[in-house]
Amino acid sequence: MDLPWTFPTCSLLLWAALAMAQYQGHQSLGRFYNETVAKAFLQFYDQTAQIVWSQFMEATWNYVTNITKKNREEMLHKDSERSKHMLYFGTRARLFKTSRFQDPDVKRLLSKLLNIDKAALPQDELREYNQLLAYMETTYSMAQVCLNEGPCMPLEPDLQEVMATSRDQKELLWAWQGWRDAVGRQLRITFERYVQLSNKAANLNGYKDMGALWRSKYESETLEDDLEQLYQELQPLYLNLHAYVRRALHRHYGPEIIDPRGPIPAHLLGNMWAQSWVNILDLVLPFPKKPPEDITKIMKSQHWKPSKMFEEAEKFFTSLGMLSTPPSFWKNSMMERPADGREVECHASAWDFYNGRDFRIKKCTEVTVEDLLSIFHQMGHIQYFLQYRNLSVIFRAGANPAFEEAVGSVITLSASSHKHLLNRGLLSHQHQDSEEEVNFLMSVALEKIAFIPFSYLMDLFRWKVFDGTIQKDVYNQEWWNLRLKYQGLCPPIPRTEEDFDPGAKFHISASVPYLRYFLSLVLQFQFHESLCKASGHIGPLHRCDIYNSKKAGKLLEDVLKLGSSKPWPEVLQKITGQTQMSTKALMTYFKPLLNWLVTENVRQGEILGWPDFSCTFEEKDTEKVAFLNLELDPDQAKYGQWVLLALSFIMFLAALLLAYRLYFLEKKSLPQATNAPATDAQANGSRDTSAPETQPKAYFLGIAMDPRLVAKRQWILLSLCLILMLCSIGLTIRVFMQHYKKPPWMRAEWWSWD
């Protein structure tokens with residue numbers, strides 16, 4: 001089948017340009033692949049890439065908004081075409097020697113084209129890799145946790161609501177453990193193969209492992225050292241927040257659950273992954289006599305709908321003089337969970353279809369202030385897409401991956417300010433006093449500061465997995481070691497290597513790098529400070545709202561238009577005047593809160609951190625398994641199960657044969673028993689006419705009794721045989737479930753024709 005970039009006409013156009021260049025006197029191969037030819041080559045790439053990428057995005061959209069086997073196959077097919085396109089152009093881009101090229105854009109475009117990611121894999125392994133990725137993401141998206149006697153609950157919105165609103169630690173534990181059993185355990189084996197194929201793809205691209213390939217997108221030789229420095233600068237803020245929250249949870253749940261000097265159980269922080277703690281604000285509010293207004297309640301009382309929430313975010317960007325979204329955005333986006341019963345992936349995301357016209361958001365929106373701010377964030381992505389849509393497809397991305405996230409988040413800092421919410425009719429109190437400001441900053445910190453170590457360790461874990469520092473037999477233990485070290489959290493129940501708790505997070509099951517979120521946390525405050533200065537704001541940074549500021553909008557717009565066409569330090573300098581990421585603006589924003597936290601923790605005598613504490617982790621004993629309350633070798637236990645299964649079937653067959661034999665013999669004896677009394681009566685009738693008539697007899701297990709009673713007991717025996725048969729079938733299923741997770745007839749391979 002012809003692919004879009006191999007159509008004869010297109011190929012002729014390209015190679016005609018190449019021939020012209022050769023004709024003009026460039027005889028050697030090195031001269032043949034000159035800068036003029038490179039520009040024609042890149043133009044050809046751009047024309048074809050828009051077709052291929054648009055088709056892939058459309059197929060992927062169709063799948064995640066309607067998860068069916070047919071849509072999955074179409075998505076994998078289009079992904080295969082995209083990989084062939086990347087391979088075709090990536091290998092040819094290597095032929096250009098750019099050292100003598102004059103145009104920096106041409107050199108940058110070709111350098112970006114060299115990284116073909118997973119397309120470097122051989123065809124059969126690429127197909128396997130795509131199927132693995134689709135399986136992991138689908139497993140996550142369709143997972144549910146079922147009540148013992150009741151409905152099953154998906155992550156969004158049901159389980160997330162339990163984690164956010166429940167204050168019953170047993171209910172929280174049920175949701176926390178249930179989600180990890182439903183997702184993480186299913187992905188444990190698959191993830192090992194995913195790591196192998198990921199590293200092979202990275203090697204074929206010239207990187208030592210997939211972690212190195214991911215880090216290359218930041219174009220920095222000192223990235224890992226820079227990250228550690230940023231983390232260390234932010235750590236005092238997190239440690240003070242952690243200590244304060246731990247004390248508040250100790251007051252609420254008591255010493256049986258919270259150790260005031262130790263790590264915090266991970267299920268008590270209002271979020272499935274403990275990455276955001278804002279949902280427990282009511283438990284940790286610094287000044288509980290001055291609680292913040294319930295914005296979600298106000299939104300619902302004003303009859304907000306998901307569409308209005310998107311319109312509100314749109315108004316913010318247009319108030320800055322920035323671009324409005326096209327009509328197709330409102331027509332094609334999935335703003336709510338479909339009501340027609342389709343299985344969908346609810347994880348919020350923004351989509352660029354690479355044709356310059358089609359942009360969409362996918363989100364199962366609930367009317368809450370959290371979802372409102374999430375929509376502002378996603379609309380920031382859309383604005384980025386709109387601004388750089390005229391660049392080459394290669395440059396249609398953020399200056400680095402963190403820029404893309406920071407642009408959406410910087411808008412939420414203004415949108416969540418007291419000034420903005422008051423102007424939009426979502427608050428009634430005109431002013432905040434100092435105590436109310438500390439409460440406000442606490443709510444922001446529970447979202448932003450609590451996220452610092454989680455966003456850092458997510459990729460730290462995967463980098464160590466990719467480079468072999470973390471081996472597959474200790475995935476889960478090392479995951480919790482990192483969460484203890486950086487977050488000060490422990491699992492609420494002991495975990496084993498049969499669990500795979502990292503897989504319970506979308507970005508790990510979907511193979512999405514996470515470092516962007518850590519760096520965007522720093523960048524968004526740098527951006528916010530610069531945009532506030534441009535808008536003329538005077539006063540504390542947390543009071544700033546850039547709504548309606550055309551100057552701030554122009555500054556942001558000029559940066560977004562650059563896409564990834566310039567190195568990110570140049571882009572950062574254009575908006576902030578700095579070439580390095582800095583925590584200074586973030587620390588300035590939270591300074592009033594940090595001062596209060598330090599004072600409060602000193603007053604309470606808090607110990608910062610969790611010295612000398614560790615998490616309980618059950619070592620998986622691979623040598624012994626339980627069978628009938630006996631500790632046996634795995635092979636012995638398996639043999640015993642099969643022996644028990646065989647005995648059950650023998651008992652079933654024996655009982656069935658016995659029932660049949662008894663039924664046959666007693667049916668045969670019934671006429672004999674009824675005829676015998678009649679014969680005797682005729683012979684003796686003349687002698688004793690007054691003798692009583694004898695009732696016919698039948699036998700059950702050697703006991704004579706009434707035939708009707710015998711028949712009844714025979715049916716009881718047959719019923720017992722049936723119950724025994726069902727028990728045997730149940731044992732068969734259990735044997736398969738224990739050793740293979742699913743019986744063969746419940747696995748896809750059983751029904752596959754491949």
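**Close-up views of a predicted model**

View 1. Over residues 685-693, pLDDT stays under 50, and the model has zero contacts beyond four places in sequence for them. This is a predicted model, and where pLDDT is low, the predicted coordinates should not be read in detail. Residues 739-754 also stay under 50 in pLDDT, but here the model has 17 contacts beyond four places in sequence. For the protein, the mean pLDDT is 86, with 84% of residues reaching 70 or more.

**View 2. The disulfide of Cys-146 and Cys-152.** Here is one of three disulfides in the model, with an S to S distance of 1.9 Å. The link is right-handed, with 100° about the S-S bond. Cys-146 is partly exposed at 39% relative accessible area, and Cys-152 is partly exposed at 32%.

**View 3. The disulfide of Cys-346 and Cys-364.** These two sulfurs sit 1.9 Å apart, and the torsion of about -75° makes the disulfide left-handed. The pair links distant parts of the chain, 18 residues apart: Cys-346 is in the loop between helix H15 and strand E4, and Cys-364 in the loop between strand E5 and helix H16. Both cysteines, Cys-346 and Cys-364, are buried.

**View 4. The disulfide of Cys-532 and Cys-544.** Look for an S to S distance of 2.0 Å and a left-handed link, with a torsion of about -110°. Cys-532 is buried at 2% relative accessibility, and Cys-544 is buried at 0%.

**View 5. A nonpolar surface patch.** Tyr-639, Val-643, Leu-647 and Ile-650 make a patch of about 420 Å². Leu-647 belongs to helix H28 (residues 634-684) and is partly exposed, at 46% relative accessible area.

Technical notes:
Residues numbered from 1 in each chain as written. Predicted model: local features only at pLDDT ≥ 70, side-chain atom pairs only at ≥ 80, totals over all residues. Heavy atoms only, no water. Patch = residues over 30% accessible without salt bridge, like charges linked within 9 Å, V, L, I, M, F, W, Y side chains within 5 Å. Areas by Shrake-Rupley, 256 points an atom, 1.4 Å probe, with all protein chains shown as cover. Salt bridge = Lys/Arg side-chain N within 4 Å of Asp/Glu carboxyl O. Helix = DSSP H or I, 4+ residues; strand = E, 2+ residues; numbered from the N terminus. Buried < 20%, exposed > 50% of the residue type's maximum accessible area, 1.4 Å probe, protein only. pLDDT = per-residue confidence, 0-100. Contact = heavy atoms within 4.5 Å. Disulfide = S-S within 2.5 Å.
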